[in-house]
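Reader: I have a new structure open and would like to talk it through. Can we go piece by piece?

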Amino acid sequence: MELFLRLFATCNDDSASETLLERLSHEISVIAESTPLNLGRYWKIPEMYEFRFHLVPANIELFNEIVNVSSDGWVHMGRGSELSSVWNIADGKSLFVREVQWAELQLYEPSP
């Protein structure tokens, strides 16, 4: 199984995005081992930065634990071992840090 979390956040510049990456890595480390995979402006919305993390262990329990960080704002798709959920900011709610505007969480079995 593979578990990936993509977070999209507002940042003023590259320096602010690097600081935010450190904060996000710390917050995620409380509940999972993570490896940041990329950091950069999101090509569709240049004022946002994309932060992508590979999470371990890749299982439904960790998937649900990430969802429970902010129980409001999630739209869930898929079933069984192939799950995908999208989070959008909701009134007064945040996901790890206040700068995150939306996120995507995916749990799946990679193709052979």
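Reader: Where is Glu 2 found?
Author: Glu 2 sits in strand β1. Strands here are DSSP runs of E with at least two residues, helices are runs of H or I with at least four residues, and both are numbered from the N terminus. This is a predicted model, in which local features need pLDDT of at least 70, side-chain atom pairs count only at pLDDT 80 or more, and totals for chains, interfaces and linings use all residues. Residues are numbered from 1 along each chain as its sequence is written, and side-chain values use heavy atoms, with hydrogens and water left out.

Reader: Is Glu 2 buried or partly exposed?
Author: Glu 2 counts as partly exposed, because its relative accessibility is 22%. Buried means under 20% relative accessible area, exposed means over 50%, and partly exposed is in between (1.4 Å probe, protein chains only).

Reader: What is Glu 2 in contact with?
Author: Leaving aside neighbours within four places in sequence, Glu 2 is in contact with His 54, Ala 58, Gln 106, Leu 107, Tyr 108 and Pro 110. Contact means heavy atoms within 4.5 Å.

Reader: And how many residues apart in sequence are Glu 2 and Ile 60?
Author: They are 58 residues apart in sequence, and their C-alpha atoms are 10 Å apart in space.

Reader: Let's zoom out. How many helices and strands are in the protein?
Author: The protein has 2 helices and 6 strands. Along the sequence the pattern reads β-α-β-β-α-β-β-β.

Reader: What radius of gyration does the protein have?
Author: It has 13 Å, which agrees with a compact globule of 112 residues, since such a globule would have a value near 13 Å. The radius is taken over C-alpha atoms, and the globule rule is 2.2 Å times the number of residues to the power 0.38. Along the principal axes, the C-alpha atoms fill a box of roughly 40 × 30 × 30 Å.

Reader: How much of the protein is made up of buried residues?
Author: Buried residues make up 36% of the 112 residues.

Reader: What about contacts between residues 24 or more positions apart?
Author: Those account for 59% of the contacts with a separation of 6 or more.

Reader: Now the core. Which residues have the most contacts inside the largest nonpolar core?
Author: Leu 5, Leu 7, Leu 24, Phe 51, Leu 55 and Leu 105 do, in a core of 28 residues. Two or more residues come from each of β1 (2-10), α1 (14-29), β3 (45-56), α2, β5 (82-88) and β6 (100-108). A nonpolar core is a set of buried Ala, Val, Leu, Ile, Met, Phe, Trp, Tyr and Cys residues joined through side-chain atoms within 4.5 Å.

Reader: Why would nonpolar side chains be together?
Author: In soluble globular proteins, nonpolar side chains tend to be buried together.

Reader: Pick one. Where is Leu 24?
Author: Leu 24 is in helix α1. It is buried, with a relative accessible area of 0%. Beyond four places in sequence, Leu 24 touches Leu 7, Phe 51, Phe 53, Phe 96, Val 97 and Val 100.

Reader: Phe 96 came up there. Where does Phe 96 lie?
Author: Phe 96 lies in the loop between β5 and β6. At 13% relative accessibility, Phe 96 counts as buried. Phi of Phe 96 is near 70°, a positive value in a residue other than glycine.

Reader: Which peptide bond is cis?
Author: The bond from Val 56 to Pro 57 is cis, with omega near 5°. Pro 57 is in the loop between β3 and α2.

Reader: New topic. What is in the loop between α2 and β4?
Author: Ser 70 is found there, between α2 (60-69) and β4 (74-79). Gly 73 is found in that loop too.

Reader: Is Ser 70 buried or exposed?
Author: Ser 70 is buried, with a relative accessible area of 3%. Gly 73 counts as partly exposed, at 29% relative accessibility.

Reader: What do they touch?
Author: Not counting residues up to four places away in sequence, Ser 70 touches Trp 87, Lys 93, Ser 94 and Leu 95. With neighbours within four places likewise set aside, Gly 73 is in contact with Val 86, Trp 87 and Asn 88. The C-alpha atoms of Gly 73 and Trp 87 are separated by 5.2 Å.
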